Amino acid sequence: MHPLQCILQTQRWGPLASVSWLLLRTCRACSSVPSTACPSVEKQQEDGVRKDFSSRLASGPTFQHFLRGTSAPQEKPDMEDPPPYLTVDELLGKQRKVYLETYGCQMNVNDTEIAWSVLQKSGYLRTRNLQEADVILLVTCSIREKAEQTIWNRLHQLKALKTKRLRSRVPLRIGILGCMAERLKEEILNREKMVDILAGPDAYRDLPRLLAVADSGQQAANVLLSLDETYADVMPVQTSPSATSAFVSIMRGCDNMCSYCIVPFTRGRERSRPVASILEEVRKLSEQGLKEVTLLGQNVNSFRDSSEVQFNNAVSTNLSRGFSTNYKPKQGGLRFAHLLDQVSRVDPEMRIRFTSPHPKDFPDEVLQLIDERDNICKQIHLPAQSGSSRVLEAMRRGYSREAYMELIHHIRESIPGVSLSSDFIAGFCGETEEDHLQTVSLLREVQYNMGFLFAYSMRQKTRAYHRLKDDVPEEVKSRRLEELITVFREEATKANMASVGCTQLVLVEGVSKRSASDLCGRNDGNLKVIFPDVEMEDVNNSEVRVRAQPGDYVLVKITSTSSQTLKGHVLCRTTLKDSSAYC
Ligand code: 5AD
Ligand code: SF4
């Protein structure tokens, strides 16, 4: 075992196993836990301090203390109540500067803000300058091998920074947060001795304690997964004052167990945040003037708030037709349609989006709401992963190509003009050329507006790792991926061409990166729209001419398109409510 003293605990929740390390404060003289026969303790006893030691031991951590937090519901560490082996003072940041770097998905962007919110309350400061950082935290992703390789490379660069650190400064602490901390645990601590702390996705409340332990010269880790942690009471700090939109986390984890996916192992079981706390956050964001909220989670539309007993009746779940789950049917609780309804009522001028959903949970109530409410964007991400029913079965997605296509038709009938996007994996275990061509034909048939395409990357622990063979050669995966990208782009260009000549409502984000004389924003379908920054009429005040500012809604007449962007000229400033000017 590593010289840092770990208590290893293994706990099983259904198919998930998690190992948690809870650190004991060790004797600095010999690294043993103070209740064992440690030479320096014996010396203290000889020196006549037995009484003092006994009383400290009595107030120290008990076995129960280390069990705390391993059972659901998990008790949250509290600044007022430090663990017995640390003082409140040791938990404080004392103005040390934290540099946070985010990798991977939008959930990680949100998690970064949660981690920062926790540290800010503890007295840490944030810096955007790596050179002035006292603590560097990487919020990591494990979904594909390449994502992890990026982090290993980054760690090597940071090692140089740590080695060169002047002795006159406080020691630099480096931490790995998120999915990679959860997946690789000891491997990171053993391979990269300069990593001081590891915190899994459910351990961000513990960051002040982990950093305090690191200050005593030990590595510290908490990779415990929780059954109920949603950080409901930790409001992420809005870091950019000019931001027009924000992400609001509504659920965490995933129970689907698609055979290729590491997420259920790194982020744990599915759990939803209470509706009331989500609404409170959305209200605050609206008061701050934000104009767009994206509801976030691994399976947003599987949302189920069971925190209020009166809603826990036995109403069963309606899955999309032809879809099944890998888990026992769940019942009761407040569902996604209820949440979407409530969130969209907070501020009619605030756009609502959600990502990422699973195709199995699209009941008609959800589709109807999206169609009816002006401020719910008519944009649905519908990850297909493959166009071959044979591969979909091997992936354990719970649907066939036919069921997926039926859902696409149903969605298009229910929400005219809806914009669709999807995820695809090229070269999954056993994928033949014929399977690949089925995916190509699905891309042509659906004609998505946006797509996220990946080459398959085998992940340990997953069902595919244990049961299937990663038998598509890397060069074949790459070639198939290139083909999918080409077809997707051709089809998206055609789909976007249909917008030429239309007038679209655009939420302005700011100056275009390509040209200072252009502005950029997003249309309802979340596509980027570029237009010249010129004076225009304001529909609510025809006397003045205005220039668009970030957070304004403007009408833009689309004049040209590519697979990723639309271009046009601006007509007027408007409001979401007043803008029914679509094609
Ligand atoms: N290899 C490649 N892509 C993956 N994804 C998830 N796991 C893997 C993997 N092992 C993709 C899926 C998912 C998206 C977030 O990442 O398409 O929808
Ligand atoms: Fe992974 Fe499937 Fe869960 Fe998405 S739904 S996070 S792909 S297991």
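Which residues surround ligand 1? The views below start there. This is a predicted model, in which local features need pLDDT of at least 70 and side-chain atom pairs count only at pLDDT 80 or more, while totals for chains, interfaces and linings use all residues. Residues are numbered from 1 along each chain as its sequence is written, chains are lettered from A and ligands numbered from 1 in the order in which they are written, and side-chain values use heavy atoms, leaving out hydrogens and water.

**View 1. The surroundings of ligand 1.** Ile143, Arg144, Tyr260, Gln385, Asp423, Ile425, Phe454, Ala455, Tyr456, Ser457 and Arg459 surround ligand 1 (a residue is near a molecule if one of its heavy atoms lies within 4 Å of it). Sorted by class, that shell holds six nonpolar, two polar and three charged residues; here Ala, Val, Leu, Ile, Met, Phe, Trp, Tyr, Cys and Pro count as nonpolar, Asp, Glu, Lys and Arg as charged, and the others, Gly among them, as polar. Strands (E, at least two residues) and helices (H or I, at least four) are DSSP runs, numbered from the N terminus.

**View 2. Polar contacts of ligand 1.** Look for pairs of N or O atoms within 3.5 Å. An oxygen atom of ligand 1 sits 2.6 Å from an N or O atom in the Asp423 side chain. A nitrogen atom of ligand 1 is 2.8 Å from a polar backbone atom of Ser457, and a nitrogen atom of the ligand is 3.1 Å from a polar backbone atom of Tyr260. On its own ligand 1 exposes 400 Å², and the protein buries 87% of that (Shrake-Rupley areas, 1.4 Å probe).

**View 3. The shell of ligand 2.** Around ligand 2 you'll find Cys254, Asn256, Met257, Cys258, Tyr260, Cys261, Val263, Pro264, Gln298, Asn299, His358 and Arg397. The class count is seven nonpolar, four polar and one charged.

**View 4. Helix α4 against helix α8.** Helices α4 (residues 106–121) and α8 (residues 207–215) pack at about 65°, their axes 9 Å apart; axes are lines fitted to C-alpha atoms over the stretch in contact, and angles run from 0 to 180 degrees between N-to-C directions. So α4 is roughly perpendicular to α8 (65 to 115 degrees; under 35 is roughly parallel, over 145 roughly antiparallel and the rest oblique). Ala115, Val118 and Leu119 of α4 meet Leu207, Pro208 and Leu211 of α8, with contact meaning heavy atoms within 4.5 Å. The contact has six nonpolar residues, no polar and no charged.

**View 5. Helix α14 beside helix α15.** The axes of α14 (residues 401–414) and α15 (residues 433–446) come within 12 Å and cross at roughly 10°, so α14 is roughly parallel to α15. Arg401, Tyr404, Met405, Ile408 and Arg412 of α14 touch Gln438, Ser441, Leu442, Glu445 and Val446 of α15.

Terms used:
A polar contact is a pair of N or O atoms within 3.5 Å; within protein, one must be able to donate a hydrogen and the other to accept it, and residues adjacent in sequence count only if both atoms are side-chain atoms.
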